[in-house]
Amino acid sequence: AHPVVVRGAGVVGSRAMLRGYGTVDTSETHSDFAPKAKQPPTPNDTALQEAIAEMKQDIKENPIVLFMKGQPKQPQCGFSGRVVQILAQHGVRYVAYDVLADPLIRQGVKVISDWPTLPQLYVNGEFVGGCDIVTEMNTNGELKKLLDPIKAVQQQQQAQKK
């Protein structure tokens with residue numbers, strides 16, 4: 001019901017980032033001709049640093065940013081789906097990154113937050129937490145206090161567009 005900007009799906013910002021990571025079966029190929037599997041990005045990887053800079057910019061420019069597995073309309077894990085449901089209950093618009101779409105996004109968000117698990121929610125440029133924390137904050141009313149001012153601004157902006 002509420003528009004969501006989805007990042008990922010092979011794109012961070014305007015740069016396409018389609019990469020293959022993993023292992024390849026080389027049992028029937030001489031090692032000289034076997035495809036070389038790419039290693040996951042390291043913190044010193046220039047592409048990773050660029051992706052981190054773009055994600056940080058999005059976190060700074062957007063009041064609500066969610067890093068999740070899958071997309072809001074089709075979450076790929078129950079924890080991500082739960083956070084999407086909670087945000088939908090509050091009726092706020094947000095930017096969502098699909099961390100499964102690009103290893104740079106998946107690795108980069110963990111570097112930014114220094115938090116190992118997903119999903120990760122940012123509100124007003126600050127890391128809020130993952131599913132357990134967001135669920136607890138929703139239950140005790142803290143999340144409503146955090147999101148209501150953003151919702152009011154979003155509604156005001158929407159009314160001005162009409």
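A disulfide is a pair of cysteine sulfur atoms within 2.5 Å. The structure is a predicted model, in which local features need pLDDT of at least 70 and side-chain atom pairs count only at pLDDT 80 or more, while totals for chains, interfaces and linings use all residues. Residues are numbered from 1 along each chain as its sequence is written, and side-chain values use heavy atoms, with hydrogens and water left out.

**Exercise 1.** Find how many disulfides the structure holds, and account for Cys 131.

*Solution.* Step 1: the count of disulfides is zero. Step 2: Cys 77 is in no disulfide, and the nearest cysteine sulfur, that of Cys 131, lies 7.9 Å away. Step 3: from Cys 131, the closest cysteine sulfur is in Cys 77, and 7.9 Å is too far for a bond. Step 4: Cys 131 has 10% relative accessibility and therefore counts as buried (under 20% relative accessible area, with exposed over 50% and partly exposed in between; 1.4 Å probe, protein chains only).

**Exercise 2.** Describe how helix H1 and helix H3 are arranged.

*Solution.* Step 1: H1 spans residues 46-61 and H3 residues 103-113; helices are DSSP runs (H or I, at least four residues) numbered from the N terminus. Step 2: their axes come within 9 Å and cross at roughly 65°. The axes are lines fitted to C-alpha atoms over the stretch in contact, with angles from 0 to 180 degrees between N-to-C directions. Step 3: H1 and H3 are therefore roughly perpendicular (65 to 115 degrees). Step 4: residues of H1 including Leu 48, Ile 52 and Met 55 meet residues of H3, among them Leu 104, Val 109 and Ile 112, where contact means heavy atoms within 4.5 Å.

Conventions
Helix = DSSP H or I, 4+ residues; strand = E, 2+ residues; numbered from the N terminus. Parallel < 35°, antiparallel > 145°, perpendicular 65-115°, else oblique.
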